[in-house]
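Good morning, and thank you for joining this group meeting. I would like to take you through one structure, going from its chains to the contacts between them.

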Amino acid sequence: MNDLEQKLLQEHLEGTLPEERAGDLDQLLSSSPEARRFVAEHQALWEALGVAFSDTAESCEGSPEFRARVSQAARQVRPQRIRWGMLAGVAAAALVVLAVTEWIYKSDSPLEGIPAADREVVRYLHILRDMEMVELFGEELDLRGELEIHRAFSGELDNEG
Amino acid sequence: MKQLVSLFVLAVLLMAATSALRWPSVPREQQNRNRLQWMALPEYERERLRKEWTDLNAEPRAVQLELMRRLATLDRLRTRRNLNGQGMPATEEIKGILEGVTSRLRLEFGEGLARSEGEMLQQLRISTQRRIDGFLDNLVEAGRLSLEQREAAQESSWDDYVRNALEIQKAEEIFLYSEFADGDDSVELEDLAPLDVLDEMLEIRRLRGFLGRAGAVLGLSAEEQRLLSEASNEEFYGVAKRLMEPKAREYMVAQLGMSKQQVDRVLSQPYRDLERSLHRLLMRQP
């Protein structure tokens, strides 16, 4: 809504809209969902105030000043809506970025051109090549590995430096 | 709309789960080498390797973990020698190195005490556990680990106990090393496996004597540096303590104004605990 439309609605809600502008108001309400929502929210607030302050509401109802303040407050305290649509858009965009990144990574992979069924075998070919040695020297490698861990904690006991 | 969000979260979780690697990631250069080798293989050899890969993946998780551990040890052995400028060792050399480790341990433990590799491994584990227990106790005493964390670590399985202790040791080493290094170096160290970090830090100690602020304050002569660089891994901390203790004593008395009794108490600690204590003492100095 622009400033003029905002002013039109405000005057209507405050009860100060001149009769000759009633046509403009009808046109705006029929063409703008935002304007309709604005008026509906204001009216809901007004009704809620009427219930909560039934004793004072009657005496104030006709007061344009009071109406103007309520209208002002309604504009200021309109709750922030969670924009689910925007959130879903961001989520979708993140998925697209992930998918594209993965596609770029894969298309740039050194294994491009290797049939998909063989890619894992080729990627870990060096492991398969080492397997014979690992099987032959399994216990020796275990000992060496254990010795490395043992050394990692040297200098932590009294009699070791 | 809530369902849409839930579905999105589920999709992300599924993507993360399916992309999780069971085997360690492979650098591009290695993949390139593998590709070239694969292209040169005859079809019957490829078929044998395909079957081997399928069998390997059908092994129980425990067997796979054991294989991964052994492969990592083999890889470290090769890389360490290569970094030392000795080039990538051939299979025969690796065989020689591994047999050398076994013979040395057999000598250390004595023939009567440990005959098989399994028995030696068991003995080594007992000694490793004593060291890790000592390390964690030292950290509790220094207020760097809570008693609850210490107890929780002790209740875990042996593998988890070792893995956690190594990660803690790595963090301690990087923390002390950051005294010399800029942020980028520390970040690079974070990416290394704990045992690789510990190897690197031993080399820094050969140059500085101590990690942490004490290493920056207490200098080493060329002769002292030579002695440290020539010390074997096993004797390093003994040599370092002999060299660094008089320097630390002098500094604590002259610069920190500590009494003889206080100095003796600090110096009675094991080397790496002493290193941490000195760092804390020096950090308190303006």
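This is a predicted model: local features need pLDDT of at least 70, side-chain atom pairs count only at pLDDT 80 or more; totals for chains, interfaces and linings use all residues.

Let me start with chain A. Nine helices and zero strands make up its secondary structure. Along the sequence, the pattern therefore reads as one α after another, α-α-α-α-α-α-α-α-α. Chain A has 161 residues, and 20% of them are buried. If we take the contacts in chain A between residues at least 6 apart in sequence, 53% join residues at least 24 apart.

Chain B also consists of helices, with 15 helices and zero strands. Of its 286 residues, 22% count as buried. Among contacts in chain B with a separation of 6 or more, residues 24 or more positions apart account for 50%.

We now turn to the place where the chains meet.

Two packed helices are described by the angle between their axes and the distance between the axes. The axes of α9(A) and α5(B) come within 9 Å and cross at roughly 65°. These two helices are therefore roughly perpendicular to each other. In this crossing, α9(A) passes α5(B) in a left-handed manner. Which residues meet here? From α9(A) come Glu140(A), Leu141(A), Leu143(A), Arg144(A) and Leu147(A), and they meet Leu98(B), Glu99(B), Val101(B), Thr102(B) and Leu105(B) in α5(B). This contact comprises six nonpolar residues, one polar and three charged.

Helix α5 of chain B, residues 91-109, also packs within its own chain. Its axis comes within 11 Å of that of helix α6 of chain B, residues 117-141, and the two cross at roughly 65°. That makes α5(B) roughly perpendicular to α6(B). Here, too, the crossing is left-handed. On α5(B), the contact is made by Thr102(B), Leu105(B), Arg106(B) and Phe109(B), and on α6(B) by Glu117(B), Met120(B) and Gln123(B). Three of the residues in this contact are nonpolar, two polar and two charged.

Finally, I turn to the nonpolar cores. The largest has 31 residues, and those with the most contacts inside it are Ala152(A), Phe135(B), Ala165(B), Ala240(B) and Leu278(B). At least two residues of this core come from each of α9 of chain A and α6, α8 (158-177), α10 (194-208), α13 (236-254) and α15 (271-283) of chain B. Leaving aside residues up to four places away in sequence, Leu278(B) touches Phe210(B), Gly212(B), Ala214(B) and Ala248(B).

Thank you for your attention.

Terms used. Residues are numbered from 1 along each chain as its sequence is written. Chains are lettered from A and ligands numbered from 1 in the order in which they are written. Axes are lines fitted to C-alpha atoms, for helices over the stretch in contact, and angles run from 0 to 180 degrees between N-to-C directions. Helices (H or I, at least four residues) and strands (E, at least two) are DSSP runs, numbered from the N terminus. Angles under 35 degrees count as roughly parallel, over 145 as roughly antiparallel, 65 to 115 as roughly perpendicular and the rest as oblique. A crossing is left-handed if the near helix is turned anticlockwise from the far one by less than a right angle, and right-handed if clockwise. Two residues are in contact if their C-beta atoms, placed from the backbone, lie within 7 Å. Ala, Val, Leu, Ile, Met, Phe, Trp, Tyr, Cys and Pro count as nonpolar, Asp, Glu, Lys and Arg as charged, and the others, Gly among them, as polar. A residue is buried if 20 or more other C-beta atoms lie within 10 Å of its own, exposed if 12 or fewer, and partly exposed in between; C-beta atoms are placed from the backbone. A nonpolar core is a set of buried Ala, Val, Leu, Ile, Met, Phe, Trp, Tyr and Cys residues joined through C-beta atoms within 7 Å.
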